Amino acid sequence: MQRMKSPASVVTAVIGAQWGDEGKGKLIDLLAENFDVVARACGGANAGHTIVVGGKKHVFRLLPSGCLHTNAEIVLGAGMVMHLPTLLEEIGLLRNEGMDIVPRLRISHEAHILFDFHKEIDGVLEERRSKLGKGIGTTRRGIGPAYMDKAARTGIRMEKLGEDIRGELQKRADDLHVSYGIALDAEREQKQLNDAETMLKSCVTDTIQLLHDRMYSGKRILIEGAQATLLDIDHGTYPYVTSSSTTIAGALQGLGIPPNALGEVIGVAKAYCTRVGAGEFFTEVEGSIGERLRERGGEYGSVTKRPRRCGWLHLPDLIRSAMINGFSCWNITKLDVLDTEAVIPVGMGEKNGKAIMQEFVGWKTSTVGVTAFDDLPKQAQQLVVFIEQETGIPVRYIGTGQGREEMIVR
Ligand code: GDP
Ligand code: IMO
Ligand code: MG
């Protein structure tokens, strides 16, 4: 018999509060050892989550960052759009390091397959928009076009793995040629599908049933958000957003988890702010200060290698993200990147399109690797307390370096 009531508070989620790249991956990697299941809900290989363990760097795109913990079951949920060659490449990279993820990988049969032609369409659409001066600066990973197919109900889902879909694809070839000037290579797409089937057939399953079975047997689930709140298709800085729901609501929807199973939602925000791609950014700083933040923070896209636009923290964004996601606490990341700043401005709002800034005195000393709040310089503590007071949400985690261990936990 099916039990219909979900156990309360067994799910923890990590959600980005700015425009992505806040350091979600690092927190997931840190938390994952206390969880039985780590799940991605939405998005695709537009995500790039970097973790550094024992000095070694790993970048995850479709797999969650928690997968280095060998006890964790890995779930890729229905809300995702999956480029299978990228997934096989990621699995292969882990294999080269002696880790076989396949036996503990579960992929929703409802997740959509992102084909090479989606990536090509992404490029064509981006070029068209750029000519009109409206380029979004997408990652060109095919995300928008894959979600277009999903919404138009013409998408192909993971349940089709193992089938011959050349005929179905071929039917679209003329249309894609006329609409976008691209040539759909059905044979190549089919081959990629067959390669994926060989490795992944046993992984494709009803992940909703699986997640509910795990919850009932007392297991704990960790959700790794991808992208971030200001990139959300509904609530972000539209149209300069991604094509999925990046908030906690989107994560629950993408995994088929009901809200009453949710315990904590941890909001991740940098102590400053970055953005890749176009769109508003009131506290952006160009010139030498922006460059300093970019160099100190290593602010280059992990997917596209594009230099990230850099600027100061903007508190109204954190407050709005907290409203939407109901954050229980913050992880403020990359505090150490501000170590050399004499003055640290914080955006408090805007007037006539200009940011209103409040200035904090910098601490001008290294915080790299600090693991106790009391060991932070007073000025750094004040900045953290200010964020807590202004947002009304406690800061429980503070990042002080790239390494897994470089984190203050309060
Ligand atoms: P994500 O997409 O939110 O997972 O973030 P990314 O991995 O794209 O970008 C965050 C970058 O900052 C990565 O290179 C991390 O290794 C790095 N990082 C995360 N936390 C910290 C921190 O506290 N200090 C420093 N210096 N780097 C950090
Ligand atoms: P993680 O998970 C930062 C941005 C792109 C572009 C816009 C639309 O690493 O935080 P898309 O390819 O999704 O259609 O691009 O969204 N973007 C991200 N920026 N981090 C990400 O993911 C992003 N995913 C998408 O740069 O502005
Ligand atoms: Mg990233």
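Predicted model: local features only at pLDDT ≥ 70, side-chain atom pairs only at ≥ 80, totals over all residues.
Residues are numbered from 1 along each chain as its sequence is written, chains are lettered from A and ligands numbered from 1 in the order in which they are written, and side-chain values use heavy atoms, with hydrogens and water left out.

**Ligand 1**

- The shell around ligand 1 holds 18 residues, of which Lys24, Gly48, Thr50, Lys334 and Asp336 come nearest, a residue being near when one of its heavy atoms lies within 4 Å.
- By class, this shell divides into 1 nonpolar, 10 polar and 7 charged residues, where Gly is counted among the polar ones and Asp, Glu, Lys and Arg are the charged ones.
- Both α1 (24-31) and β3 (49-53) supply at least two residues of the shell, and the largest share, 3 residues, comes from α1; helices (H or I, at least four residues) and strands (E, at least two) are DSSP runs, numbered from the N terminus.
- Oxygen atoms of ligand 1 lie 2.8 Å from a backbone N or O atom of Lys24, 3.1 Å from a polar backbone atom of Glu22 and 3.4 Å from a polar backbone atom of Gly399.
- The protein covers 95% of the 580 Å² of accessible area that ligand 1 has on its own, areas being computed by the Shrake-Rupley method with a 1.4 Å probe.

**Glu341**

- Glu341 lies in the loop between β13 (329-333) and β14 (343-351), and is buried there with a relative accessible area of 2% (buried means under 20%, with a 1.4 Å probe and protein chains only).
- Leaving aside residues up to four places away in sequence, Glu341 touches Ile289, Arg292, Leu293, Trp312, Gly362, Trp363 and Lys364, contact meaning heavy atoms within 4.5 Å.

**Domains**

- The domain assignment gives domain 1 (11-111 + 202-409) and domain 2 (112-201), whose centres, taken over C-alpha atoms, are separated by 27 Å.
- Between them, 38 residues of domain 1 are in contact with 29 residues of domain 2.

**Helix α8**

- Helix α8 (residues 248-255) is mostly covered, with 6 of its 8 residues buried, namely Ile248, Gly250, Ala251, Leu252, Gly254 and Leu255.
- Just after α8, Gly256 takes a positive phi of about 70°.

Methods. Polar contact = N/O pair within 3.5 Å; in protein donor to acceptor, adjacent residues only side chain to side chain. Buried < 20%, exposed > 50% of the residue type's maximum accessible area, 1.4 Å probe, protein only. Domains from an automatic or database assignment.
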